[in-house]
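Subject: Handover of a structure, with notes on its cavities and core

Dear colleague,

I am passing the structure below on to you, and my notes on what was found in it follow directly after it. Please read them with the model open beside you.

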Amino acid sequence: MERTKRIESMMAALDERILLLDGAMGTSIQGYDLTESDYRGERFADWASDLKGNNDLLSLTRPELIQEIHHSFLEAGADILETNTFNANAPSMGDYGMESLVAELNSAAASIARKAADAYAATVGEPRYVAGVLGPANRTASISPDVNDPGYRNITFGQLADTYEVAATALIDGGVDFLMVETIFDTLNAKAAIFAIKRSFDATGVTLPVMISGTITDASGRTLSGQTTEAFWNSVRHVDPFMIGLNCALGADDLRPYVAELSRVADTRVSAHPNAGLPNEFGEYDETPEHMAE
């Protein structure tokens, strides 16, 4: 099925039922107990820095593993796959000296997800969709990392927009059905991503639906950069997202009231993909699938 038809079918399905997003890529990868050599593969065997933990790199060094995870999510009932690109931006890849790989990482991840979705769709006779993920980056454009210098920033709007444009263009070319700006803790970062997406649409001649998902970081009900749920919506509504939602940080119980608030103010579809509760003292999650489903 061509992309335009898939998007039309997705919008029609959203009018009839709740579509299910896939699960957490990071914890799925952790379940494989990968070693440093798994991350390096042959291509990066002599890379100067440690690469273990660079999950996005696995789209290049262990693509079959990423496809296996995608397939497991589809088997579990997911309608939508997220590309393995949460950290596939220059600031995050800078931790490994791999800023130059942003386009390749996004392109490869999109192709893997597209292949998995199409293969599964062929077996069940119904389309499965791919979300091109633009993660939050590991730097914030609104907050100083130095408590003694509140005016200081270690990233600019322009730098973020440039890397997001590279990523978005590669995701579009790789065959995703829509772009998802997710885990937004700083709305200025999200605005840079939105600006970049618009530039990518102009550059590629392809316009896709856009989904926005923010993160409420604690019981204050605000993002890390201090916005309430309603303020967050009003800051990003200009992109006319086909979906607005909240993800990460909080478990389902704690996230629910903020999803309800978003539903009250937003004039579009609403999404929620919470954590499995808050992490315990060992950094693990205690919430059961049954409780989360309820």
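Helices and strands are named here as DSSP runs, numbered from the N terminus, with helices being H or I runs of at least four residues and strands being E runs of at least two. The model is a predicted one, in which local features need pLDDT of at least 70 and side-chain atom pairs count only at pLDDT 80 or more, while totals for chains, interfaces and linings use all residues. Residues are numbered from 1 along each chain as its sequence is written, and side-chain values use heavy atoms, with hydrogens and water left out.

A cavity is a set of points on a 1 Å grid over the protein atoms alone where a 1.4 Å probe fits but cannot get out, and its lining residues have an atom within 4 Å of a point. Grid points are joined across faces, edges and corners, and a volume is the space filled by probe spheres set on the points. Two cavities of 30 Å³ or more are present in the structure.

The largest cavity has a volume of about 40 Å³, and its lining consists of Gly-135, Pro-136, Tyr-164, Val-181, Thr-183, Ile-184, Phe-185, Asp-186, Asn-189 and Ala-190. At least two lining residues come from each of β3 (178–184) and α9 (187–204), with β3 giving the most, namely three residues. If Ala, Val, Leu, Ile, Met, Phe, Trp, Tyr, Cys and Pro are taken as nonpolar, Asp, Glu, Lys and Arg as charged, and the others, Gly among them, as polar, this lining has six nonpolar, three polar and one charged residues.

Thr-183, in strand β3, has a phi near 55 degrees, a positive value in a residue other than glycine. Thr-183 is also buried, at a relative accessible area of 8%, where buried means under 20%, exposed over 50% and partly exposed in between, with a 1.4 Å probe and protein chains only. Asn-189 is found in helix α9 and is likewise buried, at 3% relative accessibility. A polar atom of the Asn-189 side chain lies 2.7 Å from the backbone oxygen of Arg-139.

The second largest cavity, with a volume of about 30 Å³, is lined by Thr-85, Ala-88, Asn-89, Asn-106, Val-133, Leu-134, Gly-135, Tyr-164 and Ala-167. The elements giving two or more residues to this lining are β2 (129–134) and α8 (157–173). By class, the lining of the second largest cavity has five nonpolar, four polar and no charged residues.

Thr-85 sits in the loop between β1 (80–82) and α6 (90–93) and is buried, with a relative accessible area of 1%. Its side chain is joined to that of Thr-83 by a polar contact of 2.7 Å, meaning a pair of N or O atoms within 3.5 Å of which, within protein, one must be able to donate a hydrogen and the other to accept it, residues adjacent in sequence counting only if both atoms are side-chain atoms.

Turning to the core, Ile-29 and Ile-212 touch the most other members of the largest nonpolar core, which has 84 residues; such a core is a set of buried Ala, Val, Leu, Ile, Met, Phe, Trp, Tyr and Cys residues joined through side-chain atoms within 4.5 Å. Helix α7 (residues 102–124) supplies the largest share of this core, eight residues.

With best wishes

Notes: On a 1 Å grid over the protein atoms alone, a cavity is a set of points where a 1.4 Å probe fits but cannot get out, and a pocket is an open set with protein on both sides within 12 Å along at least five of seven lines; lining residues have an atom within 4 Å of a point.
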